[in-house]
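Please look over the sequence and the model before reading on.

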Amino acid sequence: LVYMTGHGGDEFLKFQDSEEIMSRDFADAFAQMHAKNRYNEMLFMVDTCEGASLFRDMYSPGIVMMSSSGEYESSYSHHHDYVIGLSVIDRFSYYTLEFFEENVQDLS
């Protein structure tokens, strides 16, 4: 599982509003991982605006991709914490976590 969340746009994800990782960076990193047999199957989840645009350059096999938003679409927060002045979780993350907690049994 590779899970990314943050501010996004057309083929990029921002970290702390200063660094960006591009869709090609993800594609190349996953290709290197595949070449070194670091995964058999991978779930790549993205919770950001225009999240599906990060999948455009993917070319490695065995990757299932899901996103909170399509290309050129926004992704929205679930609730806001007025004490700290920030949204603390996005809708996609909130409901995905809720689903896993309610439906996935302990595999250990």
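## Overall layout

The model is predicted. The protein chain has 2 helices and 8 strands, and along the sequence these follow the pattern β-β-β-β-α-β-β-β-β-α. Its C-alpha atoms fill a box of roughly 45 × 40 × 20 Å along the principal axes.

Of the 108 residues in the protein chain, 28% count as buried. The chain exposes about 7300 Å², and carbon and sulfur atoms supply 51% of that area. Among contacts between residues at least 6 apart in sequence, 44% join residues at least 24 apart.

## Helix α1

Helix α1 covers residues 23-35, 13 residues in total. From its first C-alpha to its last it reaches 18 Å, close to the 18 Å expected at 1.5 Å a residue.

Ser23, Phe26, Ala27, Phe30 and Ala31 are the buried residues named in α1. They lie on the same side of α1 because they cover an arc of only 135° around the axis. The buried residues of α1 pack against β1 (2-5), β3 (12-15), β4 (19-22), β5 (42-47) and β6 (63-67). The face turned away from the buried side carries the exposed residues Gln32 and Ala35. After α1 comes Asn37, with a positive phi near 55°.

## A nonpolar surface patch

Val83, Ile84, Leu86 and Val88 form a nonpolar patch on the surface, and together they have about 410 Å² of accessible area. Ile84 lies in the loop between β7 (77-81) and β8 (86-90). Ile84 counts as exposed because its relative accessibility is 51%, and the cut-off for exposed is over 50%.

Note on methods:
Residues numbered from 1 in each chain as written. Predicted model: local features only at pLDDT ≥ 70, side-chain atom pairs only at ≥ 80, totals over all residues. Heavy atoms only, no water. Patch = residues over 30% accessible without salt bridge, like charges linked within 9 Å, V, L, I, M, F, W, Y side chains within 5 Å. Areas by Shrake-Rupley, 256 points an atom, 1.4 Å probe, with all protein chains shown as cover. Salt bridge = Lys/Arg side-chain N within 4 Å of Asp/Glu carboxyl O. Helix = DSSP H or I, 4+ residues; strand = E, 2+ residues; numbered from the N terminus. Buried < 20%, exposed > 50% of the residue type's maximum accessible area, 1.4 Å probe, protein only. Expected span 1.5 Å × (residues − 1). Arc of directions from axis to C-beta. Contact = heavy atoms within 4.5 Å.
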